[in-house]
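Please find below a short briefing on the structure shown here.

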Amino acid sequence: GLLKVAVENARAQDKQIQAEKRELKMELYREREMRESLERQLNSELQSRGWKYHLFQSFRAGKKDQK
């Protein structure tokens, strides 16, 4: 009766939570890949202009500290 329905609901909710976790992990992976790709492109552009990448990294680290 009610116990069976509660167990089924809990299982369905658990499946949904697991699916959402998988989706979020994939989204995080895609965003990380995009960020790394953009950082590589920026590094290339900075080098082509004679800038040093470590200056960008220092600036970026400083921004993190301000949050």
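**Salt bridges and fold**

Two salt bridges are present in the structure, which is a predicted model. They link Arg-35, Glu-36 and Glu-39 in a network. The chain itself comprises two helices and zero strands.

**Salt-bridge network**

- Arg-35 and Glu-36 are joined through their side chains by a salt bridge, with an N to O distance of 3.9 Å.
- A salt bridge also connects Arg-35 to Glu-39, where the closest N and O atoms are 3.6 Å apart.
- Both Arg-35 and Glu-39 belong to helix 1 and are separated by four residues, about one turn of the helix.
- In an α-helix there are 3.6 residues a turn, so residues three or four places apart point the same way.

**Exposure of the network residues**

- Arg-35 has a relative accessible area of 39% and is therefore partly exposed.
- Glu-36 is likewise classed as partly exposed, at 28% relative accessibility.
- Glu-39 is buried, because its relative accessible area of 15% falls under the 20% cut-off.

**Helix 1 and its annotation**

- Helix 1 covers residues 2–48, a total of 47 residues, and spans 69 Å from first to last C-alpha, close to the 69 Å expected at 1.5 Å a residue.
- An unreviewed UniProt entry lists residues 3–41 as "coiled-coil region".
- In the model, residues 3–41 are 100% helix and 0% strand, with the end C-alpha atoms 57 Å apart.

**Surface**

- Of the 67 residues in the chain, 3% are buried.
- The chain has an accessible surface of about 6400 Å², and carbon and sulfur atoms account for 55% of that area.

Methods: Residues are numbered from 1 along each chain as its sequence is written. This is a predicted model: local features need pLDDT of at least 70, side-chain atom pairs count only at pLDDT 80 or more; totals for chains, interfaces and linings use all residues. Side-chain values use heavy atoms; hydrogens and water are left out. The expected span of a helix is 1.5 Å times one less than its number of residues. UniProt positions are given in the numbering used here, feature names are shortened, and annotations may be inferred rather than shown by experiment. Buried means under 20% relative accessible area, exposed over 50%, partly exposed in between (1.4 Å probe, protein chains only). Accessible areas come from the Shrake-Rupley method with a 1.4 Å probe; for residues, only the protein chains shown count as cover. A salt bridge is a side-chain nitrogen of Lys or Arg within 4 Å of a carboxyl oxygen of Asp or Glu.
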